[in-house]
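Hello,

Here is the structure I promised to hand over. Please have a look at it first, and then read on for my notes.

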Amino acid sequence: MSTTSPARGTAPPASAPLPWSGLLALSTAAFTAVLTELLPAGLLPRMAPALGVSEARIGFLVTGYAAASFAAAIPLTALLRGLPRRPVLVGALLGFAVSDAVVALSSSYPLTFAARLVAGCAGGTLWAMLAGYAARMVPAARRGRAIAIVLAGITLALSLGVPAGTALAGAVGWRTGFGMLSALAVLLVGWVWWRVPGFPGEAPHARVPLVQVAALPGVPAVLSVTLFLLVGHQTMYTYVAPFAAHAGFGRTGVVLLVFGAATVVGVWVTGMLVDRHPRPALLGALGLCAAVMLALGLAAGVPGVLLTSVVLWGVAFGGAPTLIQTALVDASGPERADAATSLQTTVYNAGIAVGSLTGGVALEGLGAGALPWTALPLVAVALGVVTVARKTFPATRR
């Protein structure tokens, strides 16, 4: 495919093949961002002595990244939205490369923490771009599949990348692991510049303030579905270890592995359905999440129910982000997708934080058995919004 910048508003012809190389480059960018964010969590015992701090403070390296991503997504997107898209994307990737290189070389915890804040800002910028970028690379009728391909990088990072990266860093040393991650980001810069097309930024006269983007028809509904689904999901997922023990199944690693493998299946199924049957697919995914919470609340202690429910939960949740983000890009239009997605990135991170807090309160006050009952009404609200908002979540994509 050509790497020249198409004219503003020009879409590829409907018969054009999917630009696999460019989409896979964006998917690898998503993979790199997730691995950069979460790798310290798997290396707490190795990093803590080297930096002279407790394991809890190494955990704060993940917290700092998430906080920076949350805080930076909207202001950085607003600041950079007028610039050509590919240089901004490359700049975010270079942010990962520099941050990971500093972490690999640093013996100072404050310097390491500062580098993680830089990576978080790069992540906030990247997540605001990916879905809109993918949407502009393909005909409108294939937009959902393109977004599914790009977001599959998240699933692969969670299910395979983080465990494999942790094991590799354990074998070759955690500093070498971060150095390799930095090198991957540098190689990805070349791949993006070679195979991902350039698009113009928003012209000054065409820029819509973020407040107006948030008020575009359909955008509030999509953001509310994002929030309630993430709060409900995270309420349960954050505390899956005590819940599994409560259900009589103490092997948390097996539960997480089953969930991760099932999300891969969910992404694949969603990629086949998102452009032809988006509403039934999203209703099915949210309905299945709600049914899983009900089953876990009623019968998690019955042999086979826990793992079966986790498989179905993984399939449902694996596909939901693609379906929701496709609806958001359709509602905002590809030209305003970066701004809309920056709002969704903030809502997404807020949902993770609120869900973790909600689950913790439920666990402390009522015990692990209350977790699915706490999550169920939140997921049900998301399902209700999709049920009512037929124009925002149509049966077939316009």
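Helices here (H or I, at least four residues) are DSSP runs, numbered from the N terminus.

A word on the basis of these notes: this is a predicted model, where local features need pLDDT of at least 70 and side-chain atom pairs count only at pLDDT 80 or more, while totals for chains, interfaces and linings use all residues. Residues are numbered from 1 along each chain as its sequence is written, and side-chain values use heavy atoms, leaving out hydrogens and water.

Now back to α2 itself, which spans residues 44–51. Which of its residues are buried? They are M47, A48 and L51, where buried means under 20% relative accessible area, exposed over 50%, and partly exposed in between (1.4 Å probe, protein chains only). These residues cover an arc of only 105 degrees around the axis, which puts them on the same side of α2; the arc is that of the directions from the helix axis to the C-beta atoms. P45 and P49, on the other side of α2, are exposed. The cover over the buried residues of α2 includes α3 (55–80), α4 (85–105), α5 (109–136) and α7 (174–195), with contact meaning heavy atoms within 4.5 Å.

Next, the aromatic rings. The structure holds 6 aromatic pairs. Rings of Phe, Tyr and Trp (its six-membered ring) pair if their centres lie within 6.5 Å, and planes under 30 degrees apart count as stacked, over 60 as edge-to-face and the rest as tilted. Y109 and F113 make a tilted pair, because their ring centres are 6.1 Å apart and their planes are at 40 degrees. Both belong to helix α5, and being 4 residues apart there, Y109 and F113 are separated by about one helical turn. Y109 counts as buried at 8% relative accessibility, whereas F113 is partly exposed, with 25%. Elsewhere, ring pairs link Y237, F259 and W313 into a cluster.

Two arginines also sit over rings: R86 lies over the face of W193, at 4.7 Å from the ring centre, and R195 over the face of W194, at 5.0 Å. The rule is that NZ of Lys or CZ of Arg is within 6 Å of the ring centre and within 35 degrees of the ring normal.

Last, the cysteines. The count of disulfides (pairs of cysteine sulfur atoms within 2.5 Å) comes to 0. C121 is partly exposed at 30%, and C289 is buried at 2%.

Best wishes

Conventions: Helices (H or I, at least four residues) and strands (E, at least two) are DSSP runs, numbered from the N terminus.
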